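Below is a short note on charged side-chain contacts. Please read the points alongside the coordinates.

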Amino acid sequence: MVLQELGSKLTAALHKMQSVTVISEEVLDKMLKDIAAALLEADVNVRVVMELRKAIKTRANLEEESAGTNRRKMIQKAVVEELAGMLDPGVKAHEMKKGSPNVIMFVGLQGAGKTTTIAKFANHYLRKGFKCCMVCADTFRAGAYDQLRQNATKLRCPFYGSYTEADPVRIAQEGVDQFKAEKYEVIIVDTSGRHKQETALFEEMQEIRAAIEPQNVIFVLDATQGQAVHEQASSFHEAIDIGSVVITKLDGHAKGGGALSAVAATGAPILFLGSGEHFDDFEPFNAHSFVSRLLGMGDMRGLVEQIKDTIGDDKQPELMEKFSKGQFTLRDMYEQFENVMKLGPLSKVMAMIPGIPSMMGGEGDESNNRLKRFMYMMDSMTDDELDAKVDLNKSASRIERVARGSGCHPMEVQMLLKCHKQFESVVSKMGKSGLMKGGDAAMAKQMQRNPNQVMQQLHKAMDPRMLQQMGGAQNLMSMMQEMSKLEGEGGMKGLGF
């Protein structure tokens with residue numbers, strides 16, 4: 001993500017504080033200065049930065065701290081909470097309701113990426129099982145109709161628009177009325193933009209809004225505009241009541257901080273972050289999860305919720321039973337790879353939870369392509385090979401056959417087998433140690449009753465290098481505790497590994 005540099009600088013500021021023996025007022029001021037400098041460099045509004053710095057110091061309030069409080073944790077928590085507060089106005093966005101029409105109107109300046117964002121938005125809700133459609137009420141930009149129609153065709157999503165009708169209000173109203181009559185659940189309306197804010201643009205938006213009565217007006221904000229987006233956000237908010245915000249173009253060389261902080265001017269929550277041209281380059285936004293990942297702390301809650309939304313758990317009891325016995329075949333690994341692929345780009349998943357072997361790393365499409373190649377190799381295996389009835393490691397001829405069948409090199413097949421061995425070893429040791437017996441509830445009780453014993457079992461069960469990659473046993477314990485808290489919401493089921 002484009003904000004990776006900002007995250008690195010914020011993390012470095014916190015790490016400097018961790019290395020200091022005594023946390024004094026001077027140390028806190030130095031950390032706050034570093035954080036402010038990083039935010040300003042990322043184009044965050046000066047006034048927002050000053051207010052944030054003051055709020056963190058007030059929350060930390062070292063002088064009034066009671067004895068025995070862990071000051072480092074308290075300051076780190078203050079930084080996380082205030083950064084999240086900067087990005088979260090405390091207002092809930094419209095929640096999509098199945099079985100009834102949800103009319104969503106998109107607004108923003110020309111070039112902000114509205115039309116592409118609409119396709120990503122539709123793709124997101126199509127994958128969730130909603131009945132989606134699109135209406136093109138952008139009669140100002142040449143090619144808007146064709147672009148939206150092409151995207152709708154790719155998504156197999158119904159589309160309404162007109163080459164001949166010049167009145168965007170009429171197009172919007174007719175399209176919405178037609179799709180409401182056809183019982184569509186998510187009706188997305190694209191509107192005109194301009195190169196700059198004009199009275200005509202705002203009047204047109206207000207007329208369309210009055211005609212279609214949308215449940216949510218989404219303002220598309222271009223991250224490349226820097227400080228200028230603050231004025232844009234304020235103007236759009238005054239002209240039309242914005243319900244939520246999507247920030248686009250968080251790739252390339254955009255700093256992005258200006259767009260993130262400009263959301264405060266709208267008083268509306270950020271709904272999604274967009275980067276790239278692919279339909280999957282679209283990420284639901286949660287302030288705490290975003291800040292947690294920005295600071296390199298992972299986001300277990302977000303990962304579990306994402307798994308719950310995208311992966312069915314009908315086979316999970318059977319899978320967890322196998323894992324509790326220490327069994328993990330190539331077929332099991334194939335199914336888990338399928339689950340990971342459903343979650344989106346692997347780089348995003350890896351940002352949420354560390355520990356996937358380094359051989360499967362990489363950025364963007366590279367990591368997903370590596371997973372796909374592994375799956376092609378497993379597609380070329382027999383049932384006996386997938387179910388561990390035959391040991392591929394002992395047969396060079398079988399490895400050669402799998403390599404030929406999948407169009408890969410034998411060394412890549414050996415890499416896959418090595419990767420499987422790593423996972424199998426972890427699952428086997430954790431299963432035999434009892435960490436997986438009894439499911440989430442039993443694990444939660446065990447961690448509460450005797451955390452030291454669980455720590456010892458983790459050290460015995462896992463390869464030291466992999467454990468270190470996951471931040472050590474203590475960090476892994478914290479992740480497991482976070483996941484066990486979500487037992488009623490999906491818990492650890494579905495993670496597999």
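1. A network of salt bridges joins Lys16, Lys30 and Asp34. The model is a predicted one, and salt bridges in the structure number 18.

2. Lys57 pairs with Glu25 through a side-chain salt bridge, at 3.3 Å from N to O. Glu25 belongs to helix 2 (residues 25-41) and Lys57 to helix 3 (residues 46-60), so this contact ties together parts that are 32 residues apart in sequence.

3. Lys57 also forms a salt bridge with the side chain of Asp29, with an N to O distance of 2.8 Å. Here too distant parts of the chain are linked, Asp29 being in helix 2 and Lys57 in helix 3, 28 residues apart.

4. How accessible are the residues in these two pairs? Lys57 is partly exposed, with a relative accessibility of 32%. Glu25 is partly exposed as well, at 31%, and Asp29 is partly exposed at 28%. Buried would require a value under 20%.

5. Arg401 sits in helix 18 (residues 396-406) and Glu385 in helix 17 (residues 383-386); the pair links distant parts of the chain, 16 residues apart.

6. Is each partner of that pair buried or exposed, or in between? Glu385 is buried, its relative accessible area being 1%. Arg401 has a relative accessibility of 28% and counts as partly exposed, because the partly exposed class runs between the buried limit of 20% and the exposed limit of 50%.

Definitions and conventions. Residues are numbered from 1 along each chain as its sequence is written. This is a predicted model: local features need pLDDT of at least 70, side-chain atom pairs count only at pLDDT 80 or more; totals for chains, interfaces and linings use all residues. Side-chain values use heavy atoms; hydrogens and water are left out. A salt bridge is a side-chain nitrogen of Lys or Arg within 4 Å of a carboxyl oxygen of Asp or Glu. Helices (H or I, at least four residues) and strands (E, at least two) are DSSP runs, numbered from the N terminus. Buried means under 20% relative accessible area, exposed over 50%, partly exposed in between (1.4 Å probe, protein chains only).
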